[in-house]
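Please look over the structure before reading the points below.

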Amino acid sequence: MSSDASRLGFYLLIAPLLLWLVVLIILPHIGLFVVSISEKTGVREYEIGFGNYAAFFTEPLYWRTFARTAIMSILATILTLLLGFPIAYYIAKLTRGRTKTTLFLMCMIPFWVSELVRTYGWMILLRETGVFSNALQYVGLTAGPIEFLYNDAAIMVGLVYTSILFMVVPLVTTLDSLDDSLIEAGYDLGGTSFSVMREIVIPHAMPGIVSGCIVVFMLSLGNYLTPILLGGKDSLWFTGMIYTQFITRFNWELGSAFGFLLLALSSLVVFVGLKLSRQSLTETMGR
């Protein structure tokens, strides 16, 4: 009886998760895949084929935007790691008590508002009549207003800013579990700051690094607001192209194909990253 009750309790606990996965993820993806391999031959007439995928590879604008989005997302992930690791290390290992809590809270405060508000905040700072342009004119470094918006640098700033918390949090959690005595032992044995970081800290933090990079890369790759608002209408971001196919051109077949190509790209990059870092997805997410 107790075994049956525990089994029933397990099924009841897992039922909401399974329902969420099936209804909101599996079924929509199956529907999108069916749409992506449907070629329109007439009014409400379709046939099965891979013409939508072929259109992607035969149109240079499509695959060049696809490659540009991938490269920019990887670069944003690298920059986020380079900025987030020192912040996480300082919070986890060099602060204690209330100071640690305060610094961690300061990292989270910007994320108490929506991504749209944060992006508009950067637009106010970077626009031609914004804070940065006026400050440079005030100190005499420029003779006129400067437009910092609508370029790749502005997009990169927005991507890093909107996703850095998702790098800092797993790194702080992982580094916090590193025993300080191991670092002290490294120095006692004659290690330098660089060798201790390379031989002790980074290997221990690798699960946090990998999990943070996975999340940041996926967020950057699938981001829509930041590239469109900070990069302008000519930002050439693949999610913007998907939006155009679905909403503007009502070409759901091609838009669905683009969506699955983006899914394949993210899966491939994550797989390669796990292999290069010699981490498994189970161990990484478990840490």
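The model is predicted. Its mean pLDDT is 87, and 96% of the residues reach 70 or more. Two packed helices are described by the angle between their axes and the distance between the axes.

**Confidence**

- Confidence in the protein is highest in helix 3, at 93.
- Confidence is lowest in helix 14 (residues 281-286), where the mean is 62.

**Helix 3 with helix 10**

- Helix 3 spans residues 60-93 and helix 10 spans residues 193-221.
- The two pack at an angle of about 135°, and their axes are 9 Å apart.
- An angle over 145 degrees would count as roughly antiparallel; helix 3 and helix 10 are therefore oblique to each other.
- The crossing of helix 3 with helix 10 is right-handed.
- On the helix 3 side, the contact is made by T69, A70, S73, I74, A76, T77, T80, L81, F85 and Y89.
- On the helix 10 side, it is made by M197, V201, I202, A205, I209, C213, V216, F217, S220 and L221.
- By class, this contact of helix 3 with helix 10 has 15 nonpolar and five polar residues, and no charged ones.

**Helix 3 with helix 8**

- The axes of helix 3 and helix 8 come within 8 Å and cross at roughly 40°.
- Helix 3 passes helix 8 with a right-handed crossing.
- Helix 3 contributes T77, T80, L81, G84, F85, I87, A88, Y89, I91, A92 and K93 to the contact.
- Helix 8 contributes M167, V168, L171, V172, L175 and D176.
- The residues in the contact of helix 3 with helix 8 are 12 nonpolar, three polar and two charged.
- T77, T80, L81, F85 and Y89 of helix 3 are listed in the contact with helix 10 and also in the contact with helix 8.

**Helix 4 with helix 8**

- Helix 4 (residues 97-108) packs against helix 8 (residues 165-176) at an angle of about 155°, with 10 Å between the axes.
- Angles over 145 degrees count as roughly antiparallel, and helix 4 and helix 8 are therefore roughly antiparallel to each other.
- Helix 4 and helix 8 cross in a left-handed sense.
- K100, F104, C107 and M108 of helix 4 meet L165, V169, V172 and D176 of helix 8 in this contact.
- The contact of helix 4 with helix 8 holds six nonpolar and two charged residues, and no polar ones.
- V172 and D176 of helix 8 take part in the contact with helix 4 and in the contact with helix 3.

**T119**

- T119 is in helix 5, which covers residues 115-126.
- The relative accessible area of T119 is 1%; because under 20% counts as buried, T119 is buried.
- Leaving out residues up to four places away in sequence, T119 touches L225, T226, L229 and L230.

**G255**

- G255 sits in helix 13 (residues 252-277).
- With a relative accessibility of 0%, G255 is also buried.
- Contacts of G255, apart from neighbours within four places in sequence, are I242, Q245 and F246.
- Between G255 and S36 there are 219 residues of separation in sequence, but the distance in space is 7.5 Å, C-alpha to C-alpha.

Methods:
Residues numbered from 1 in each chain as written. Predicted model: local features only at pLDDT ≥ 70, side-chain atom pairs only at ≥ 80, totals over all residues. Heavy atoms only, no water. Axes fitted to C-alpha atoms, helices over the stretch in contact; angles between N-to-C directions. Helix = DSSP H or I, 4+ residues; strand = E, 2+ residues; numbered from the N terminus. Parallel < 35°, antiparallel > 145°, perpendicular 65-115°, else oblique. Left-handed = near helix turned anticlockwise from the far one by under 90°. Contact = heavy atoms within 4.5 Å. Nonpolar A, V, L, I, M, F, W, Y, C, P; charged D, E, K, R; others polar. Buried < 20%, exposed > 50% of the residue type's maximum accessible area, 1.4 Å probe, protein only. pLDDT = per-residue confidence, 0-100.
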